[in-house]
Structure formats: C-alpha cells, structure tokens
Amino acid sequence: MQKNAYKIIAVTLLLMLLCGCKQSRSLGERAVVKMVYLDESGGQVQAGLVVFTCAPNSDTASVEGQAKIYTAQGKSIEEALYKVEQQQNKKPFYAQNEILLLGSGAARNVTPYLSYFADENAARPNLAAFLTPLTAEELSECEDVISDVVREGERLIGMGADEQDRTQSIFEINLSGTGGLDGYLPVFSFSKEEKEFRGVRQMVLFRSGAPYAVLEDAAMQMFLLLNGKARQLTVNTQIDGKAVSFRTQQLQLTRTASTAGGAPHLEVCLTGKLDDVTVDGAPVVDKEEAEMTREINAYLSREAEMLNQATFARGNDTFHYAWWLKLYDTAACEALLRTGILYDIATVDFSSELKPV
Amino acid sequence: MNEHTTVSAKQLCTLVFLSLAVDMAVRPFTSGGSAGAQIAILAAVLNTAVVSILLLPVLGLLRREAFTTLKGGVTFGSKALLTLSAVLFAAGGAAAMVRSEAFFRYVSDEPMPQLLVYGLFLLVVFYALRCGLESIVRVLGLAAGLFLLSMALMLVSNLGGMHLSNLTFQPFDFPEVLRTAARGFTLPPELPLFCLLSLHANREKRRPLLKTLALLCVFYIGLTFCSEAVLGMKAQLQQQTIHTLSRLGSISVFRRLDALHIAAWMLAELCKVAALAYGVQSALTPLLSHSQRGGKTCGYAVGLLAVLLAVCAGAPPETLRAVLTAGTAVLLAGTVVYGCVMEGFYAKKRV
C-alpha cells in the first residue's frame, strides 16, 4: 500500500514538473528570426531583423507565415539589436536564424560584428555570414519579397548542385588574427531594381578585419577550390584575347611538402579532367586541344599564384598551407612562424596538370 | 539488500562508463584555453594509465574475504570508510546535479527554475532508490545505449564538417603533456562506487573495470579528435564543446539534432545521479540500526544528497572536482589499508 502511494506521488509530481506550463510561450508569441542585418553609419549601428510571425496558438507548420522587417539603430550592437527587438510585441527566437548580413559600413571593420555572433551562445554556430551592398532603408523596402530572399539564401548554405560551397559559417571564420578576421566573406548579391537575390558572385578578402581585395568569376571559383569548398570549376574567361569556357571533372589537389634550400616548401598540384572546352563559342578540335589545355593550365596556375599573393604572402593563410608544411616539419615551421618569414610566396608553388577528357 | 542479486560486474562497468562518459559530453563550465587535441590525447592516455595503476591494489582486494567484511560495517574502520563513502557519493551526485542543471539552463531558451530542476532530480532519485539496484542498472543500460546512439549520430552528422587541416600541430613537448595531465587528473567517486557495489554483484572472476577505463580513454580520444577536426582551434575555447558539435551537425533536413542529444545526455546524468545515490544508500545501510533500515534509508540517502546539493550549489566546478578527487583518493587509500589490516587479521586467525 505504502509502495503504491510512493509511486502515485512520484508519477503525479513528475507529470506536474515535466509539463513546464508555468513558463511556456506559444509559437504565436514568438517572432522567428530568419535573418539579421547589421551596418554602421554615422557612428550608429543599424540593425535589422527579418522575422516570420505566425498566428497565436498556432503550431510549427505555420512558421512560414508573414515576413516582417524591423530596423533600428543604436550606439552599440547590443543596443541596436535591443531596440529592434522592442519594435515588436513578440519575443524574438533566434534558434532558426542562419543568415547574418553585414552592410557596407560594417564591412570596413567586420571583427566586432562577427565576434559578437561568434560568442558561443549568441547564435547557432552554423550562422552564415555575408556582406551586402544593401542599406538598412533598402532592406526595409523589400518586405514583400524578403521571404523568397530568405529561402534562396538558406538554399545557398552548404555544398550546392554545382559542387561549390560559397558560404562560410560563423564557427569557420578565423577571428584570431592580430586585428580580428583574417579570411574572406561572400557577398550577398541583390538586385535593387528587381528586388531579387542574385546569389554569391563576389568574395571579399579580409586582413585584420579590413577588406583588401574582391574576387569574382574564375578567381572566386579557384579560391573556393583551394579552400576545399569546391570540387569542380565552370569557367568563362578571357585567355589571350579569346573567350574561353571550360568545365572540370574529378579535380584533385595534391600537396607535397619538402625542404628546399633549408626551408620548408610546398608543391600544390591540381589534377583532373577538362571538359566542354570552347574558344569563342566553338568547341576545340583535336589539333587545338593540346595547345588549349596548356593555355588553360597556365591560366589556372597564374590565377592560383595571384591568389597566393593575395592571401598566403600577406599572412592570410586561408588555404591552410602552413598546416601542410607543419605536417612535414613542425619544428622548422614553428621557427619560421616565430620569425615571421613562413608566409613567403616562394614557400608555395602551384601547378595545374589538367588533361582533356 | 538483495543477496540473490542479478546485477553483474559488466552492468556495473556500464554504470561506470556512462557516468564518466556523460561528463565528457556535458562539460563543466570551466574551459577556455584548454590544451589542443594533440596534447590532450596524450595527457588522457597518461592519466588513464595512472588511474589504472592506482586502482590495481583495490581491485586485487575485491575478491578477498577481508574486503567483504566492509559491507558489514561492524568495525570502526569499516564504519569510517562507509561514512566517507556515503558523503563522497552524495557529493559526487550533488556535483553531477549542479552541472546538469547549469547545462540544462545553458541549452534552454526558457530555462526551468533551478529549484524545480533539483526537486525533479531528487524525486526521480528517490523513486529509483525505491526500485532498487537491479532496476537502476537496467535503466542505465538503456540510457547507455541511447547515449552511445546519440554520440554515433553526432559523429555521423558532423562527418562532412571534419577537416584534417583543422587539427593543430606542435612539436612534442613532454613537460606540457605532464602539466595538462596534472591539470586534468581526476579520481571520480564512480570508481569506489564500483568497488562498493561489487560487493552486491554476482561473483565473477574477471573484473572488467580496467577495460572500461581503456574504453573511456578511447571514447575521450574520439571526442577530442572530432571536436578539433570540426571546430579547429575554437574547440579549446568553447564552454560546451560537444554541445557545439551537436548544434553544428545535421542529417539531410534535420538541423536541430541537438534537442535529441540533450534529452539523451540529461537521461544519462539522471542515471548517474541515481547510481551515486544508490551508493549513498548502500554505504548508509550498515551504519543504521536494524529498525531504521528498509524504506527509510532511501529518505536518508536523498536527504544527504539534498544537504550536499545545498553545500555544492555555489562552489566553483574546479574546486568540486579537486575535492572529489581528494576524497576518492583518501577513500581508495583507506580501503587498501583496511583490506590489508583485515587480511592480516584473518591470516592470524587461520594460523
């Protein structure tokens, strides 16, 4: 009898405690944040929230409700975000947010903005950070199309059908440089006239939190490939005044470390197949194929060298060359890192050895 | 106590494995600037070896007649050891509850009041004690299965994010390994708990505790490797590294797997606290008069747990860990001394 009483008490209390009714908040009282925008203008931080609201007491199926855009400004990121949160009578729910947009003002020094969201519990670690040319006003004018923009943006995250991942999560961003971000950020392209998301067509390179170079087209694809974020290239470019286009298959990057002249040296070799090569719109014929392949390989080598100049030689080791060198000779690389002479363009050689299909 | 117990040494090892493995998933909030995987793995291997060596004398005593007298609580020595065990297990359970509550608050968007969580824990523990050791270890087996499934799921969901280039290399530095090993050295109360509960388990020739410790070491190595392969140097700076991994991993359209993981980990924590509370009860029972044994010991065990919870709630995690390690070391040393003395006594008696 006593045993049964214990069980009944325990089960009753368990049910009472587990229901969590006391502090529950229905989905209808939530504003599901799907995009955060931050910019800086005239010493003020501009914040924008794209939220999806749903009917009171609704279930999760109706989260895809009406999209709203709220904007506000403040002296700091915290203040701007607090003010923008206060513009709605619902409590923002950030756990579904996957997109962070930084305006052109914030792009001058992105470190404080990224550091804020890189804090462990401030956002989901897979929050994708983008730069955008949109101002806060322009963003707030896009309310009628923003749900499509968000959907397109979310679709972009991760490896796409073209086997390229143009996005970067907040946890992947290297903020440990002397001035913060050493790396890159993709640009969230947006047509202001047609109010339409145009994907990622540019990458901006950063050193110590400040932008210093913009990559697009073939250079951007090559950058993603060297960064391990692309598995194939689809290039339309000009080589020696000719309009050349080609696709690649079975790409593989081989890195071989060695010692050259007493210092560690890395050979990076790109192998794979060239496909659909056209010159001025016409497919290359047998005789021209070998010559064109040589030219394309030379072109890719030049692109890679340009990227190495823009990154590794400036101490922005976004391609992890130092890791491969350390794998070969940890002590020697540590010594070179201490003296600051590891990041030399002569340390890395790139060669492209693509062959026709 | 049930003399015809169906609890086996393997089940007790599952208890030790789950109790210590869940500590690796739900980390204390003291990290930030911990060692990289290369150093941490070597330090873990070293610590496992040291703990195994320290345990050898106690494990050697387990099958001796002298050790079995401990559960009688007749002599002054056994009473002192049982009292220390009860306090130590209660402190271990309290520390686990404090950590679980802090973790639960950290992961919840709308956290439950602290007292409510503690109350729920104590209530479940009380119910578990009423059910007995067999029930606890059976549930613990299920919880261990769920926990391992959760870990496997987390591993699979993070495979795509693992990059070897995230692993950090540094020249081999043995003093640094030693320093890291010393900083992370822990003697958890689950080790003497295993020894105490072994008295109530089926007699088996093989004591797979050392294998369990080796498995735990492998588990730790796997987690450390995965964390660094996914998060790179940021793995060392996270307060809850494994939780961050669980938030990152996704399978197909399932992007919020962390909610599933949290449920499995909290269940594991609950089982761990229940097991430690059973240790408190086992240690207290011989110390009580016959009239107070039976159902009342559950209440006394939960009461002691609640008292130590009140004491431990405000203590820094590092202090708690140090106190528990020191307490466990004293208890293990005391057990060895007690065993040797009693062994000498029995030897004289036989002569």
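**Notes on a predicted two-chain model**

1. Start with a helix pair in chain B. Helix H2 (residues 37-61) and helix H9 (residues 209-231) of chain B pack with their axes 10 Å apart, at an angle of about 170°. Keep in mind as you look that this is a predicted model.

2. How do H2(B) and H9(B) run relative to each other, roughly parallel or roughly antiparallel? Angles over 145 degrees count as roughly antiparallel, and this pair sits at about 170°, so H2(B) and H9(B) are roughly antiparallel to each other.

3. Now find the residues that make this contact. On H2(B) they include Ala40(B), Ala44(B), Thr48(B), Val51(B) and Leu55(B). On the H9(B) side, look for Leu210(B), Leu213(B), Cys217(B), Tyr220(B) and Thr224(B), among others. The spacing is worth a thought: an α-helix has 3.6 residues a turn, so residues three or four places apart point the same way. By class, the contact of H2(B) with H9(B) divides into 16 nonpolar, 3 polar and 1 charged.

4. Stay in chain B for helix H11, residues 258-284.

5. Over to chain A, which has 9 helices and 14 strands. Its C-alpha trace spans about 90 × 55 × 50 Å along the principal axes. Of its 357 residues, 37% count as buried. Take the contacts in chain A with a separation of 6 or more: 66% of them come from residues 24 or more positions apart.

6. Where they touch, 8 residues of domain 1 of chain A are in contact with 7 residues of domain 2 of chain A. Strands S7 (183-191) and S8 (196-207) of chain A each supply at least two residues of the domain 1 side. That side has 3 nonpolar, 1 polar and 4 charged residues.

7. Finally, the two chains together. Their contact takes 24 residues from chain A and 22 residues from chain B. Helices H1 (2-19), H8 (321-328) and H9 (330-339) of chain A each supply at least two residues of the chain A side. Which of them gives the most? H1(A) does, with 5 residues. By class, the chain A side has 11 nonpolar, 8 polar and 5 charged residues.

How values were computed:
Residues numbered from 1 in each chain as written. Chains lettered and ligands numbered in written order. Predicted model: local features only at pLDDT ≥ 70, side-chain atom pairs only at ≥ 80, totals over all residues. Contact = placed C-beta atoms within 7 Å. Helix = DSSP H or I, 4+ residues; strand = E, 2+ residues; numbered from the N terminus. Nonpolar A, V, L, I, M, F, W, Y, C, P; charged D, E, K, R; others polar. Expected span 1.5 Å × (residues − 1). Axes fitted to C-alpha atoms, helices over the stretch in contact; angles between N-to-C directions. Parallel < 35°, antiparallel > 145°, perpendicular 65-115°, else oblique. Buried ≥ 20, exposed ≤ 12 C-beta atoms within 10 Å, placed from the backbone.
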